[in-house]
Amino acid sequence: KLRQRIWDAMSLAVRLRAKRGGAKCPIKPEREIECVYHLVPVSSGDAVRFEPQAVIGASIAANGGEQMNRMKYLAIHERLFGKEFMDRLRARADQTVKFGMDDLRLMLAFWEHRLAFALMDTIPAHPAEAELRARGLIL
């Protein structure tokens, strides 16, 4: 239940923030932003599941296309976001992170804060962010 609440807050925060100013999907610019999109697969471990740098707003077509053709999208991601950045996210995704209940509560506070400020020009820092970084739960 707690993981679902984090996902819901993260998904809405990312989509709202991405849609500001009428922005379109960065992967398929002809499409609207409809979902949250992980730049690297999360299936191997939880390390990037809630990582703020690993998610963007994108179209459902981009999300489905990435799942069906990862190698093609790998090149697209590197072109859009840079090889060094993508290498860092992939290295992070290869790690396994175990979230305890305190970690999950902290992550929820972080994403709820991001959601509250999603439409603002800047998102003020939240104490949970520093603590999540100190615990190695976000980059």
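Phenylalanine 50 and phenylalanine 99 are both buried, where buried means under 20% relative accessible area with a 1.4 Å probe, counting protein chains only. The model is predicted, so local features need pLDDT of at least 70 and side-chain atom pairs count only at pLDDT 80 or more, while totals for chains, interfaces and linings use all residues. Residues are numbered from 1 along each chain as its sequence is written, and side-chain values use heavy atoms, leaving out hydrogens and water.

Let's look at the rings. A pair of aromatic rings is described by the distance of the centres and the angle of the planes. Rings of Phe, Tyr and Trp (its six-membered ring) pair if their centres lie within 6.5 Å; planes under 30 degrees apart count as stacked, over 60 as edge-to-face and the rest as tilted. By this rule there are 2 aromatic pairs. Phenylalanine 50 and phenylalanine 99 are edge-to-face, because their ring centres are 5.8 Å apart and their planes lie at 65°.

Now step back to the core. A nonpolar core is a set of buried Ala, Val, Leu, Ile, Met, Phe, Trp, Tyr and Cys residues joined through side-chain atoms within 4.5 Å. The largest one has 22 residues, and Phe50, Phe99, Phe110 and Trp111 are among the members that touch the most others. A second, separate core of 16 residues includes Ile27, Ala54, Ala62 and Leu89.

Technical notes:
Buried means under 20% relative accessible area, exposed over 50%, partly exposed in between (1.4 Å probe, protein chains only).
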